[in-house]
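Dear colleague,

I am passing on the structure below, and after it I set out what was found there. Please read the notes with the model open.

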Amino acid sequence: MNEALKAKLKTLPSAPGVYFHKNKEGEIIYVGKAAVLKNRVRQYFHKDLKDVKTEALKAEIYDTDWIVVDTEMDALFLESEMIKRYKPKWNILLRDDKTVSYVRIDMKSEVPYVSMTRTPQDDKATYIGPFYAKLPVEKALRILRRVFPYYTKPYDGKKTLDTDLGLTPGIEIQKTTPAEYKKNLRKLIRYLEGGREKLINELKKEMEAAAEKEDYERAAALRNQYFGLLELKKKIVFSDKEFLDISSDRALTDFQKLLNLKNPPRRIEGYDISHEHGTDVVASMVVFVNGVSDRSAYRKFKLRAQKNDDPGSMREVLERRLKHQEWEYPDLIILDGAIGQLSAVKDLLKDIPVIGRDKSGDHSKNAAVNIVIPDGETYRFVPLKPDSHIARLISRIDDEAHRFAITYHRQLRSKRLLK
């Protein structure tokens, strides 16, 4: 261990967070989470390590950074996001595939149940994840089950101990209906995907509206959910990015310097167009808050103008998006495209910084990260080092926008072909 790292480790806080081990070149080689950063990170440098792979990782560690979060659950979800962004080699080498888990909910079923799986299937069920530790997610689901009761195995209509404990929705005793149960499951999914604050506010409005209509039974049920979620905020925080110190995210501070912004961009929106020779033309809007994906804020668009015109489609999407003033406006927009797309939308975004990613026809995972920045009436091309923090974040946002757009495009194409 070098002297600078030795001194740095003495400043580790006794708080939950995510840590980043780096090699001599500054590349992030491992991302981990900790309930107590001080204890977890120092374990790597104990002399009595017996695991051969961990010893090999330790030999490569030259520097370590960390981000402090509010709770251990925050660390769990932030770790997942950062592994997706940086794809560190030692996470792959050290991690047993069995530790990667997804929450599965089959909303197509008449009475869905909630489970965890290591291998998501192409079965049209909802999969939330991946998560890189199973036990903390199971603990979170047990806590959430008190607020949003659910079944843990296929429904057979039989009353169980869970029914008596209020852990099932109670369809088996006519306490509720499958339709109402599905409504609550959608709330659970939104919570798991990061839409906590918005969901809490909506529950409060629904509760007040039900009380005004003197529907006291529904108001009481909504009240229990509302106060249950407020109580959960003290115990468990899902990847809710408001509480992260964004000055700790190098990618965001690099954006601030590169684009000469007053502050690091808190909310970044990424856009992509997907179609097949001008048919089933769709667009995606993905949202990253404080450098972390906020899936509850993602939006998809079916283009009114169904034609092979990516710049024109991008303009239509941005025009439609800007009409939604109830959606928080972004601090930065990233388009999948170069001068054509930027020229099409630049006049719409006078007060919002916008850049394009120029792939020059290369849409592979290893495509170079070259960005295009409007500069008055001209454009500035900036090639980024592929392993830099800012390039990793742009690639992550771009990958999400492409995935979300092409998934929607395939859905529309399948519906058209099945008619």
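Histidine 21 lies in strand β1 (residues 17–22), strands being DSSP runs of E of at least two residues and helices runs of H or I of at least four, both numbered from the N terminus. This is a predicted model, in which local features need pLDDT of at least 70 and side-chain atom pairs count only at pLDDT 80 or more, while totals for chains, interfaces and linings use all residues. Residues are numbered from 1 along each chain as its sequence is written, and side-chain values use heavy atoms, with hydrogens and water left out.

Histidine 21 counts as buried because its relative accessibility is 0% (buried means under 20% relative accessible area, with a 1.4 Å probe and protein chains only). Its side chain is joined to that of threonine 64 by a polar contact of 3.0 Å (a pair of N or O atoms within 3.5 Å, one able to donate a hydrogen and the other to accept it; residues adjacent in sequence count only if both atoms are side-chain atoms). Leaving aside residues up to four places away in sequence, histidine 21 touches, among others, Ile29, Tyr44 and Asp63 (heavy atoms within 4.5 Å).

Elsewhere, helix α11 (residues 250–259) packs against helix α14 (residues 389–418) at an angle of about 100 degrees, with the axes 8 Å apart (axes are lines fitted to C-alpha atoms over the stretch in contact, and angles run from 0 to 180 degrees between N-to-C directions). The two helices, α11 and α14, are therefore roughly perpendicular (65 to 115 degrees). Among the contact residues are Phe255 of α11 and Leu393 of α14.

Terms used. Parallel < 35°, antiparallel > 145°, perpendicular 65-115°, else oblique. Buried < 20%, exposed > 50% of the residue type's maximum accessible area, 1.4 Å probe, protein only.
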